[in-house]
Protein chains: 2
Amino acid sequence: MTQGEEQIIDMFRRIVWHPGALGLSDDCAVLPSIEGDLVLKTDAIVGGIHFFDDDPAVTVACKALRVNLSDLAAKGAKPIGFLLAIALPERLAEEWIRSFAEGIGEDSAFYNCPLLGGDTDRTHGAATIAITALGTVPPGAMVARSGAKAGDCIVVTGTIGDAVLGLALHRDINFAKCWQLTDSHRDHLLRRYLLPEPRTTIANAIRQHASAAIDISDGLVGDLEKLCRASHVGAMIEVAQVPLSNALSAVLHFEPELLKAILTGGDDYEILCTMPPHHLPLFRAAAESSGVMVTEIGQITDQQKVHFLSAGRALTFDGTSYSHF
Amino acid sequence: MTQGEEQIIDMFRRIVWHPGALGLSDDCAVLPSIEGDLVLKTDAIVGGIHFFDDDPAVTVACKALRVNLSDLAAKGAKPIGFLLAIALPERLAEEWIRSFAEGIGEDSAFYNCPLLGGDTDRTHGAATIAITALGTVPPGAMVARSGAKAGDCIVVTGTIGDAVLGLALHRDINFAKCWQLTDSHRDHLLRRYLLPEPRTTIANAIRQHASAAIDISDGLVGDLEKLCRASHVGAMIEVAQVPLSNALSAVLHFEPELLKAILTGGDDYEILCTMPPHHLPLFRAAAESSGVMVTEIGQITDQQKVHFLSAGRALTFDGTSYSHF
């Protein structure tokens, strides 16, 4: 360990860490007496793929943590803490790393998910941030993708498609003019790409009511297909019911053909879940009191095929799932 | 998720995975009812830093897992499973990825540490493999760095310094001639760099006997200093007692001045531990029956300084710890 590495660890020592992290000064972290089942997720983000080199370090840090928290929330799990493995190019200024540590520190405090341990490495390539997040559920209560039943209603949180337009704007801000966006709509879409909002506050409600759930990271169409495949069911979605932000509706007004890109685009980090219809009112009430908008967009069928209906006609998609790979 | 990503996941589906991995087809893994304390480690290896681009995919895979297993062993923990986040350059052939998956599959079976989940990403930079390994110890039994007491003896597993010479040979095979190495000695040193051997079989003995332990990844001198700092103690090492392989002794015969590089060099992945002297015979017996050589190399002192004595004189080191960073 060089002085540089020790300095970086010191920056992370200033953020919120779990008592089991042993002050980030042992080989391993230790977690005594976990109640319930342990839920585990690892997800990495890579410079030039999942974020841009000139993205603020704070948003890179937050995104790295939040994409993992989004998965925990979809499974109905409460965060315990996270481990962080970062490979950073030498050219990155100390200021960048400091902002990164501060960003991830603020988020870990906000989401009550403290740092458990980590590893810092140098790379000759792109900055790579791999996070492993741990959460808990009561025994046997994790919400899998595989529990959806024909007749269940299909619900999504928040709004769909903002992030893929935010990514387009991030690549070329001139789209804002093409789409005649107000500054506030432009900023909304950009923010939705840069800073996903994991729906951690409704994890309990999902656990109580959902038969199956998945976080929408690879696009609504593709992720719904994954859930249906795992559950051996199909789905019928009313496209008109899919919740869209005002900003996105404004864009669609100019370019209606973007609809498919919106439905297949990635990085939403909303949750899609299914539940028997009689659960919906209580789930809605719980979500509302957690400040999360939820919308019913369709039903699970027994046909093992996913249909998206728009004005009575079925949409077809070329690529059904978005990927950075 | 593209077809490419799905193909990669399919390759990993063929390896040993934990029932809690849910067939690698849900958002998260789930581990019910963990007995004892959970021990956690994350460590990444990066192409061009921790391995060479032309290293066999199998050894890269094994090294990535083993560096984490080495930490679990040093803490006295039994492996549960691991999570794998990989960022791979597009130029990597499918064959490389397949060999990587096979290598990590064989090791996960051998070390009884099945795959729990993962994430595959593309990168424009170097291949980066981040592993998070989970293990267990009985409640309160994790062996920390901080428990060493004055009077404890200091013990290491295996032999020290091979890997740093293996790295030198890997960079320039002509060193084999300079050092007049036999083929078997050359291969031994190269292998020790490429394929660390985590001392998982003596984890129980470490837990039963050691007052403190650390895995030697950043060099004997530096890691002993870390253990002493955490324990608020010092140490006195008899350099003549430090166990060296025949291959390394042959090199030292030609270049005695390499001694300091050997003591400060990294990538040993042996375990250094401390224990009251009356524990040593039982620890030795347990290690021997596990097939691991252990050697007493010195004593813990109350002077809060680490001394390396060679022929009665104290060695001094410029850099006391090896780092890739």
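Let's start inside the protein: A:H50, A:F51, A:D55, A:T59, A:V60, A:K63, A:Y193 and A:L194 line the second largest cavity. Two helices of chain A, α2 (57-74) and α6 (183-194), are the elements that each give two or more residues to this lining. Of these, α2(A) gives the most, with three residues. Keep in mind as you look around that this is a predicted model.

## The largest cavity

How do we look for such spaces at all? Rolling a probe the size of a water molecule over the atoms shows where empty space is left. In this model, the count comes to two cavities of 30 Å³ or more, and the largest cavity holds about 50 Å³ of space.

Both chains take part in lining the largest cavity. There are 13 lining residues, and those nearest the centre are A:A85, A:T128, A:A130, B:T128 and B:A130. The strands β3 (78-89) and β5 (128-137) of chain A, along with β3 (78-89) and β5 (128-137) of chain B, are the elements that give two or more residues to the lining. Now try the class count here: the lining of the largest cavity has eleven nonpolar, two polar and no charged residues.

## Two copies and an axis

Now step back and look at chains A and B together.

## The build of one chain

Chain A contains eleven helices and twelve strands. Its C-alpha trace spans about 65 × 50 × 35 Å along the principal axes. Why can we call the size of chain A that of a compact globule? A compact globule of 325 residues would have a radius of gyration near 20 Å, and chain A has 20 Å, so the two agree.

Buried residues make up 62% of the 325 residues in chain A. Contacts tell you about the fold too: taking those in chain A with a separation of 6 or more, 86% are between residues 24 or more positions apart.

## Two residues with positive phi

Here is a backbone detail to look up. Most residues other than glycine have a negative phi. A:Q180, however, has a positive phi near 50°. You will find A:Q180 in the loop between α5 (175-178) and α6 of chain A. Is A:Q180 buried or exposed? Its relative accessibility is 58%, so A:Q180 counts as exposed.

A:H232 also has a positive phi, near 55°. This residue sits in the loop between α8 (220-231) and β8 (234-238) of chain A. With a relative accessible area of 56%, A:H232 is exposed, because exposed means over 50%.

Notes: Residues numbered from 1 in each chain as written. Chains lettered and ligands numbered in written order. Predicted model: local features only at pLDDT ≥ 70, side-chain atom pairs only at ≥ 80, totals over all residues. Heavy atoms only, no water. 1 Å grid on protein atoms, 1.4 Å probe; cavity = no way out; pocket = protein on both sides within 12 Å on 5 of 7 lines; lining within 4 Å. Points joined across faces, edges and corners; volume = space filled by probe spheres on them. Helix = DSSP H or I, 4+ residues; strand = E, 2+ residues; numbered from the N terminus. Nonpolar A, V, L, I, M, F, W, Y, C, P; charged D, E, K, R; others polar. Rg over C-alpha atoms; globule rule 2.2 N^0.38 Å. Buried < 20%, exposed > 50% of the residue type's maximum accessible area, 1.4 Å probe, protein only. Contact = heavy atoms within 4.5 Å.
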